[in-house]
Amino acid sequence: MTPESHAPTGTDAPRTDPPPGCPAHGLGPGGLHRLHESEDLPALYEQLRKEHGPVAPVLLHDDVPLWIVLGHAENLHMVRSPSQFCRDSRIWTPLRDGLVKPDHPLMPHIAWQPIASHAEGDEHKRLRGAVQGAISTIDFRSLRRYINRSTQAIVNRFCEHGEADLVGQFAEHLPMAVMCEILGMPDDYNDRLVEAARDALKGTETAIASHSYVMDALSRLTTRRRAQPEEDLASYLITHPARLTDDEVREHLRLVLFAAYEATTNLLSNVLLTVLIDPRFRARLNGGQMTVPEAVEQSLWNEPPFSTVFAYFAKQETELGGQRIRRGDGLLFAPLPANVDPRVRPDLKASMQGNRSHLAFGGGPHECPGQDIGRSIADVGVDALLMRLPDVELDCDEDELRWTASIASRHLVALPVQFAPKPPQDVTQTPNHKPVPPQRSDWQIGIAQPQPQPQPQSQTAPVAAQPQPEPAPAQPQPVPETPQPAAEEPARRKGVWQRFVSWWRGY
């Protein structure tokens, strides 16, 4: 896509930016909207949909032109048509023409790398096959058990305080703990690693140093597993028949770690917020009409972890959504506006229960291979948290919540909650918030309840001597039967459904 392709029809005169304060401020050359200057991206997406349809021209930093794909069907067509669109930014016309400088703010997202998400053809099959093969070895029952225990350990840190920030103290920690276990570096999980990953993703002044800290940990892991493979994802990448080099292993570990951490942190935060602020969700969860996995899917529709994904590139001249796409044009894959496409969701308040056709995890050859890991972390983690803290509630007004937004995603800054203080719990036990009830007696309806026997008077205290009356003649009394201890009933085996639920939750 070239600047000329965005020029208004019927005029060749260059346009200048409007002065600050003008209603059109924020527009660039050709009257196009600058995405990075918008303070309300969802509203801008709807405006672009009305003005241009399902595919709209926009500008990035430094007025670099790009298309944003807003329609659900158009996004699906793009990601499922590798003959027309690819992830290789080396064919991007603005990059080839020098319009995208090396220090462009989005270059880390767009720059081509020798990883599966940027490759195509046989190379993509080789690298993607190694990643999918490694993920396919994960035992999800054991994974759910580990998620359960990790949730228990994290909740134990703040359960006695009666208050917490579920973003900073929970949602940002659980995905990293689980991913370190999956990758094969559980001993490297600590607060420093969480802070480094968070800092690297935010792009702060110390982001480069934080990124190096994470990469050093992944390099050490690669070296250890090359020398001594074990049962973890890093080892399976190394021993896969694709014969990945150390650099390829390390880069794909980085891709899996950062992508899973960022997406799952956002997903956990969004699901917890939904449960806390929407009384319909909480009531239905408690009433058994909606499970936590269904709440997760609803969240993936309403607030996907990534708003947009950089980027796809046209391999040939084509048409998409009524727009002429030239060879070398760049296009933003946009799950957030696609999930609210009026042609797919005419009523945004309608429940999407049982519908997984959202685009939160992409589609086509580059569909997220680890989406089941993210779902498991959210499903089991939220369920275990609610079991431990059933009375948790928001500790501020909803309009006081703050978000940080970018073109790529929207992050909840904090989620303050309060609850009745709870004692820590053994991480190996099923999450609960009550002591174990005493065993019920064998009393049944229809027979008299056993009455407590009077306690014999203590013989330790001295009793004053009293004159005793003449004893009456002894009358024969029936000899009571010696009570026999009731035989214990064998423990009832759980039903099929109870066993399935326990297995699914990782107990």
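**Reading strands, edges and burial**

Reader: Which residue in S12 is the bridge partner of Glu393?

Author: In S12, that partner is Gln418. This is a predicted model, with residues numbered from 1 along each chain as its sequence is written. Local features need pLDDT of at least 70, side-chain atom pairs count only at pLDDT 80 or more, totals for chains, interfaces and linings use all residues, and side-chain values use heavy atoms, without hydrogens and water.

Reader: Happy with that. How many bridges link S9 and S12?

Author: Strands pair if DSSP finds at least two bridges between them. Here S9 and S12 (residues 416-418) pair in the antiparallel sense over two bridges. They belong to an open three-stranded sheet with the order S4-S12-S9 and antiparallel pairing. Its edge strands, S4 (163-165) and S9 (393-394), each pair on one side only.

Reader: And what is the strand order in the open sheet of five strands?

Author: That one runs S1-S2-S8-S5-S3, with mixed pairing. S1 (55-59) and S3 (85-86) stand at its edges with a single partner strand each, so one side of each has no neighbour in the sheet. Inside this order, S5 (residues 309-314) and S8 (residues 330-333) run antiparallel, joined by three bridges. Tyr312 has Leu331 in S8 as its bridge partner.

Reader: Is helix H14 mostly covered or mostly open?

Author: Helices are DSSP runs (H or I, at least four residues), and strands are E runs of at least two, numbered from the N terminus. Buried means under 20% relative accessible area, exposed over 50%, partly exposed in between (1.4 Å probe, protein chains only). H14 (residues 292-302) is mostly covered, with eight of its 11 residues buried, including Val292, Leu300 and Trp301.

Reader: Where is Glu400 found?

Author: In the loop between S9 and S10 (403-405). Glu400 counts as partly exposed because its relative accessibility is 44%.
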